[in-house]
Amino acid sequence: MTGTRLVPMPAERVPAWLDRTMTEYVASRMRSGESRTRAEANAQGSRDRWFPGGAPLPDHFVWDVLDDDDAVVGYLWIGPFSAEAATEWWVFDVEIDAAHRRNGHARRALEAGQRVAREHGATSIGLNVFGYNTGAQDLYEQLGYRVTSTQMQLPLT
């Protein structure tokens with residue numbers, strides 16, 4: 001299987017995708033120890049900053065990840081982290097549907113995204129990975145990402 005490719009997510013699907021991805025983001029933040037209130041505030045801040053009016057900023061890319069049969073198997077969202085540092089890009093979200101994992105789709109999608117970032121002047125691309133997601137950490141390490149910060153928490157209850 002080598003036909004993984006990225007296609008722009010149709011605009012009419014973006015609102016439902018955004019709702020789903022932000023719900024998953026809140027759940028991940030809570031799983032990592034954040035309160036629901038704080039996690040929801042972070043998600044709303046992301047919506048307001050990166051999706052004003054419900055559409056991604058012009059220099060952000062939200063793609064469907066397709067397999068050899070042109071079936072949507074996941075998505076990838078990348079773009080500059082800020083207007084002030086337009087060469088520093090970020091993988092805001094990447095997800096491959098559970099039934100299609102371990103087939104190389106995430107790797108090939110990220111590599112394609114990196115090429116697009118380079119073509120748009122990016123000199124680096126970063127991402128956040130939650131501590132419990134060891135499979136993703138392994139993939140990112142294999143792709144050459146390096147740890148730049150580690151946050152740790154001790155629950156006191």
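**Exercise 1. Find out how accessible Arg36 is, and which residue Arg36 pairs with in a salt bridge.**

Step 1: start with accessibility. Arg36 has a relative accessibility of 48%, so Arg36 counts as partly exposed. Here buried means under 20% relative accessible area, exposed means over 50%, and partly exposed is in between, using a 1.4 Å probe and protein chains only.

Keep in mind that this is a predicted model, where local features need pLDDT of at least 70 and side-chain atom pairs count only at pLDDT 80 or more, while totals for chains, interfaces and linings use all residues. Residues are numbered from 1 along each chain as its sequence is written, and side-chain values use heavy atoms, with hydrogens and water left out.

Step 2: look for the partner. Arg36 forms a salt bridge with Glu40, and their closest N and O atoms are 3.3 Å apart. A salt bridge here is a side-chain nitrogen of Lys or Arg within 4 Å of a carboxyl oxygen of Asp or Glu.

Step 3: check the partner. Glu40, at 39% relative accessibility, is partly exposed.

Step 4: Glu40 and Arg36 are separated by about one helical turn, because they sit four residues apart in helix H2 (residues 36–50). Helices (H or I, at least four residues) and strands (E, at least two) are DSSP runs, numbered from the N terminus. An α-helix has 3.6 residues a turn, so residues three or four places apart point the same way.

**Exercise 2. Work out which salt bridges Glu34 takes part in, and whether each residue involved is buried or exposed.**

Step 1: take Arg29. Its salt bridge with Glu34 has the closest N and O atoms 2.6 Å apart.

Step 2: take Arg38. Its side chain meets that of Glu34 in a salt bridge of 3.8 Å, N to O.

Step 3: compare surroundings. Glu34 is buried at 16% relative accessible area, and Arg29 is buried as well, at 19%. Arg38, on the other hand, is exposed at 55%.

Step 4: step back to the whole model. By this rule there are nine salt bridges.

**Exercise 3. Describe how helix H1 packs against H2.**

Step 1: get the geometry. Two packed helices are described by the angle between their axes and the distance between the axes. H1 (residues 14–31) and H2 pack at about 145°, and their axes are 9 Å apart. The axes are lines fitted to C-alpha atoms, for helices over the stretch in contact, and the angles run from 0 to 180 degrees between N-to-C directions.

Step 2: list who touches. From H1 the contact includes Leu18, Met22, Tyr25 and Arg29, and from H2 it includes Arg36, Ala39, Glu40 and Ala43. Contact means heavy atoms within 4.5 Å.

Step 3: sort by class. The contact of H1 with H2 has seven nonpolar, two polar and five charged residues. Ala, Val, Leu, Ile, Met, Phe, Trp, Tyr, Cys and Pro count as nonpolar, Asp, Glu, Lys and Arg as charged, and the others, Gly among them, as polar.

**Exercise 4. Decide which residues of helix H4 are buried, and what covers them.**

Step 1: pick out the buried residues. In H4 (residues 134–142) they are Ala136, Leu139 and Tyr140. They lie on the same side of H4, because they cover an arc of only 95° around the axis. That arc is taken from the directions from the helix axis to the C-beta atoms.

Step 2: turn to the other side of H4, where Glu141 and Gln142 are exposed.

Step 3: find the cover. It includes strand S4 (88–96), helix H3 (105–119) and strand S5 (124–127).

Step 4: zoom in on H3. Ala106 lies in this helix and is buried, with a relative accessible area of 19%. Leaving aside neighbours within four places in sequence, Ala106 is in contact with Ile96 and Leu139.
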